[in-house]
Amino acid sequence: MESLKKAILEKGKVLPGNVLKVGAFLNNQLDVKILGEMADEIFAYFKDKNVTKIATIEASGIALAILVAERFGVNAVFAKKSKTANVDGDFYMSECFSYTHKVNNNIIIGKEYLSSSDRVLVVDDFLAHGQAVYALKNIVEQAGATLVGVTIAIEKGFQGAGDKMRSEGIDLYSLAIIDSMDDCKVVFR
Ligand code: 5GP
């Protein structure tokens, strides 16, 4: 998606540890225009797939997930990274190593918010090693629901998870794929 690539080149910053900082439009300040265009692109790609639910992980996937859910006319559900006091009842849980926080989280979604009849589109801001997406996929499977596909704003293609998912038959649609960030220079696929 050209406007996203332009924003990455103009406003993104490569940090140590293969981390791309995009706080100016995706991770801290939210650029509603770009996010809206992203949601439109994602809807155009998956619109015939009978999506009934959007799933993401708190916190940085939520903004895009809400806009995507609005386009499909369905609800978005987000996995929590810890069991807080406002979580009661039964929940699905899956282990997930956080790329940016470098800790293991047991992510959870209340069982009442996902059912076996759901057709789920997983949404996230970044794809690095795939831990977040595979943990959500695992929860979708626990619910007996159908994973329709996965959509990512920025896939770091050089970290391999995206190609692995495609080879496994997952319908993965990334809006920008970065092939390298060597010497702080972003190169797109
Ligand atoms: P994965 O689980 O695929 O290894 O990492 C994806 C998650 O880590 C995303 O939900 C995102 O929040 C975070 N993440 C991974 N790489 C980056 C990055 O380069 N920049 C930012 N801002 N977040 C990242």
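Biologist: In which loop does A59 lie, and what is the form of the peptide bond that leads from E58 to A59?

Modeller: The model is a predicted one, and in it A59 belongs to the loop between β3 (53–57) and α4. The peptide bond from E58 to A59 is cis, and its omega is near -5°.

Biologist: Turning to the helices, how should I read the angle at which the axes of α3 and α4 cross?

Modeller: As a general idea, angles under 35 degrees count as roughly parallel and those from 65 to 115 as roughly perpendicular, while over 145 is roughly antiparallel and the rest is oblique. Here the axes of α3 (residues 32–46) and α4 (residues 62–72) come within 9 Å and cross at roughly 50°, and the two helices are therefore oblique to each other. The crossing of α3 and α4 is also right-handed.

Biologist: Which residues does each helix bring to that contact, and how do they divide by class?

Modeller: From α3 come L35, G36, M38, A39, D40, I42, F43 and F46, which meet A63, L64, L67, V68, R71 and F72 of α4. By class, the residues of this contact divide into 11 nonpolar, 1 polar and 2 charged.

Biologist: How much space lies in the largest pocket, and which residues are nearest its centre?

Modeller: The largest pocket holds about 640 Å³ of space. Its lining is made up of 32 residues, and those nearest the centre are S60, Y99, T100, D125 and F126. Among the elements that give two or more residues to this lining are β2 (19–21), α2 (23–27), β5 (91–97) and α5 (131–142), but the largest share, 4 residues, comes from β7. Sorted by class, the lining of the largest pocket has 15 nonpolar, 11 polar and 6 charged residues.

Biologist: How would the second largest pocket be described in those terms, beginning with the space that lies in it?

Modeller: About 250 Å³ of space lies in the second largest pocket, and of the 14 residues that line it, F78, K80, I109, G110 and Y113 are the closest to its centre. Both β4 (75–79) and β6 supply at least two residues of this lining, and the largest share, 4 residues, comes from β4. The class count for the lining of the second largest pocket is 7 nonpolar, 3 polar and 4 charged residues.

Technical notes:
Residues are numbered from 1 along each chain as its sequence is written. This is a predicted model: local features need pLDDT of at least 70, side-chain atom pairs count only at pLDDT 80 or more; totals for chains, interfaces and linings use all residues. Side-chain values use heavy atoms; hydrogens and water are left out. Axes are lines fitted to C-alpha atoms, for helices over the stretch in contact, and angles run from 0 to 180 degrees between N-to-C directions. A crossing is left-handed if the near helix is turned anticlockwise from the far one by less than a right angle, and right-handed if clockwise. Contact means heavy atoms within 4.5 Å. Ala, Val, Leu, Ile, Met, Phe, Trp, Tyr, Cys and Pro count as nonpolar, Asp, Glu, Lys and Arg as charged, and the others, Gly among them, as polar. On a 1 Å grid over the protein atoms alone, a cavity is a set of points where a 1.4 Å probe fits but cannot get out, and a pocket is an open set with protein on both sides within 12 Å along at least five of seven lines; lining residues have an atom within 4 Å of a point. Grid points are joined across faces, edges and corners, and a volume is the space filled by probe spheres set on the points.
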